[in-house]
Amino acid sequence: MIMFWNRREVFMGYSLEKFYEARQKLEAYNIKYTYKLASNNSTYFFESRRAYIGSLGENPALSTMYYLYVHKKNSEMACLALRSR
């Protein structure tokens with residue numbers, strides 16, 4: 001099981017296409033992973049940066065950060081999988 005104390009981050013980026021590509025590569029190598037999405041556009045008023053300063057002029061493609069994590073024992077194999085074409 002992948003928990004926060006035994007995981008390694010192998011991908012971080014704003015591109016949804018690259019995020020899906022990285023997930024497909026990990027699945028092709030049968031590497032288990034977890035992911036996290038961090039968005040600037042929260043639906044809760046007090047947690048939203050947008051509620052305080054607005055979103056005029058922001059690029060909506062850069063509003064969500066994507067993270068992929070693998071178990072630390074699989075981190076080297078995951079890095080090799082992500083470098084492959």
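**Reading helix packing and a buried lysine**

Trainee: What should I know about the model before I start?

Mentor: This is a predicted model, in which local features need pLDDT of at least 70 and side-chain atom pairs count only at pLDDT 80 or more, while totals for chains, interfaces and linings use all residues. Residues are numbered from 1 along each chain as its sequence is written, and side-chain values use heavy atoms, leaving out hydrogens and water.

Trainee: In what order do the elements of the protein chain run from the N terminus on?

Mentor: They run β-α-β-α-β-α, giving three helices and three strands. Helices (H or I, at least four residues) and strands (E, at least two) are DSSP runs, numbered from the N terminus.

Trainee: How do I read the packing of two helices?

Mentor: Two packed helices are described by the angle between their axes and the distance between the axes. Axes are lines fitted to C-alpha atoms, for helices over the stretch in contact, and angles run from 0 to 180 degrees between N-to-C directions. Here α1 (residues 16-28) and α3 (residues 75-83) pack at about 120°, with their axes 9 Å apart.

Trainee: Which word describes how α1 and α3 lie to each other?

Mentor: Oblique. Angles under 35 degrees count as roughly parallel, over 145 as roughly antiparallel, 65 to 115 as roughly perpendicular and the rest as oblique.

Trainee: Which residues make the contact?

Mentor: A22, K25 and L26 come from α1, and A78, A81 and L82 from α3; contact means heavy atoms within 4.5 Å. By class, this contact has five nonpolar, no polar and one charged residues. Ala, Val, Leu, Ile, Met, Phe, Trp, Tyr, Cys and Pro count as nonpolar, Asp, Glu, Lys and Arg as charged, and the others, Gly among them, as polar.

Trainee: Is K25 buried or exposed?

Mentor: K25 counts as buried because its relative accessibility is 16%. Leaving aside neighbours within four places in sequence, K25 is in contact with A81, L82, S84 and R85. The C-alpha atoms of K25 and L80 are 9.8 Å from each other, although 55 residues separate them along the chain.

Trainee: And how should I read a backbone phi value?

Mentor: Most residues other than glycine have a negative phi. N30 has a positive phi, near 55°. N30 sits in the loop between α1 and β2 (33-39), and its relative accessible area of 68% makes N30 exposed (over 50%).

Key: Buried < 20%, exposed > 50% of the residue type's maximum accessible area, 1.4 Å probe, protein only.
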